[in-house]
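Work through two exercises on the structure below. Each has a task and a stepwise solution.

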Amino acid sequence: EKRIPYRLDKINMRSYGDKPRWFLDKVPNGLLPAIEIDGYFMTDSLPIMQALDQTFSGEGTPRMVPPPGPERDRASKLLGLERELFGAWCSLTFQPGKGLMDRNERAFMATLRRVDEALGESTGPWFLDSADHPTLVDLQYVSHVERMLASALYWKGIQIRGSGRFSNLEAWLAAFEERPAYLATKSDYYTHVMDIPPQYGPGFSVDEAREAAAAIDGRGGSWSLPLDLQGSAFEPLAPLQAALGDAAARHEAAFELVANHAAVVRFAARGTGAPGRKRFQAPLADPYATPNEQAVAAVDVCLRHVAAALISGAEETAAAAEADLAAVKGADGGRALSACLIYLRDRIGVPRDMSQPAAMNLRAHLNALIALC
C-alpha cells in the first residue's frame with residue numbers, strides 16, 4: 001500500500017525450525033516479526049507498522065496512523081476491541097466443545113457483532129473515516145480475522161463468512177480482496193489450520209465441524225479434479241483471483257514447481273526418507289529430514305508429469321503419466337511413491353509457495369497422480 005522498497009529474509013518460527021545465527025545475533029530473543037530500518041532492529045507488528053508509517057510518510061503516501069485527535073482516540077478503542085475479539089476466539093478455539101452451555105461460542109459471536117457494528121459506524125468499508133484505504137487498525141484486525149474465519153469453521157463448525165450475520169464485516173473483507181497488495185499476503189484456510197496449533201496450541205473439534213473440516217483439508221474431495229475455481233461454499237475465492245481463470249492458476253502452479261524442480265523433488269523424497277533427529281512442535285515441519293535417495297528418480301518422473309498436466313491439461317497427459325508410473329512404481333506397487341507425493345501435497349502453503357488458486361490446482365493434480373500409484 002505504501003510502496004516501501006524492502007528486502008525479505010524468511011526466518012523460521014521456533015515451532016518450525018532453528019533460527020539462523022546471524023538473525024539471533026541481531027535479535028537475541030528471536031521474536032518475529034522483526035524489521036531493520038537504517039540499522040535499527042525492532043519487533044512486534046504494531047510498533048513496526050507505526051515506525052514504517054512515520055519513516056515513509058512523503059507526499060502522496062497513504063498514512064496508516066491517524067493524527068492526534070478523535071480518529072486516533074477511536075483507533076485506540078478499536079485496537080482494544082481487537083484484543084477482546086482475539087481473547088474470545090482463543091477461549092472458543094483452544095478449549096473442548098464450545099464452553100459450558102455454548103458460553104464461549106456466544107461470547108465470541110457477541111464480540112464479533114460488536115466489531116461488525118463498529119465497522120458500520122464509518123461511511124466506507126474501513127474502520128476509520130479519515131482514510132479511503134486500510135489503516136493500521138484494519139491491518140491489525142485482518143490477519144487475526146483471517147485465522148478466525150478458517151479455525152471457527154474447521155474446529156467448531158461456525159461459518160462466519162457467507163452466513164448473512166455480519167454484513168459490515170463482509171463488505172470490509174470484500175474491500176480488502178479488491179486490493180492486490182492484500183491478496184499477495186492472503187492465506188487459505190488449510191494453511192491457517194495447519195499453522196495455528198504450532199503457534200497457539202491444539203484446536204478442539206466438535207462433531208458439527210466434520211463436513212467443513214473435510215472440505216478444508218481435502219478429505220472431502222475438495223482436492224480433486226475437476227476443480228471449481230469459484231471456490232466452495234465454505235471458502236470462496238476472491239473475485240480478483242477467480243477472474244484470472246483456471247489456466248492462469250494451473251500455469252502459476254507449474255511455474256513454481258518447475259522453477260525449483262530439483263529442490264522440490266528432493267523435498268518430496270523425504271516422504272520415505274529418514275526423519276530429522278531434532279524435531280519441532282509443528283507436525284509438518286522436519287527441517288533436518290533427509291530424502292530417500294532411491295526414490296528421487298521416480299519422484300522426478302512423477303513431478304514432471306504433474307507439471308505437464310498443469311500446463312497441457314490432465315486428460316491430455318493422463319495416458320503418458322500412467323505408462324511412465326507403471327515403470328517406476330517399484331516392488332511395493334507405488335506405496336512409497338504415493339507417500340512422497342502426499343508428503344509434498346500436505347506441505348503446500350499459501351501464500352508462501354503460491355496463490356490459493358494455484359495451490360488448489362497443484363494439490364488436485366498431485367492427487368490425480370497419487371490415484372495412479
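The exercises cover a helix pair and a pocket. This is a predicted model: local features need pLDDT of at least 70, side-chain atom pairs count only at pLDDT 80 or more, and totals for chains, interfaces and linings use all residues. Residues are numbered from 1 along each chain as its sequence is written, and side-chain values use heavy atoms, without hydrogens and water.

**Exercise 1.** Describe how α12 and α13 cross, and list the contact residues.

Step 1. Take helix α12 (residues 261-268) and helix α13 (residues 293-312). Helices are DSSP runs of H or I, at least four residues, numbered from the N terminus.

Step 2. Their axes come within 8 Å and cross at roughly 125°. That makes α12 oblique to α13 (under 35 degrees is roughly parallel, over 145 roughly antiparallel, 65 to 115 roughly perpendicular, the rest oblique).

Step 3. List the contact (heavy atoms within 4.5 Å). α12 gives H261, V264, V265, R266 and A268; α13 gives E293, V296, V299, D300, L303 and R304.

**Exercise 2.** Characterise the second largest pocket by volume and lining.

Step 1. The second largest pocket holds about 320 Å³ of space. A pocket is an open set of points on a 1 Å grid where a 1.4 Å probe fits, with protein on both sides within 12 Å along at least five of seven lines; lining residues have an atom within 4 Å of a point.

Step 2. Of its 18 lining residues, A215, S222, W223, S232 and M360 are closest to the centre.

Step 3. Two or more lining residues come from each of α9 (210-216) and α16 (356-370). The largest share, three residues, is from α16.

How values were computed: Axes fitted to C-alpha atoms, helices over the stretch in contact; angles between N-to-C directions. Points joined across faces, edges and corners; volume = space filled by probe spheres on them.
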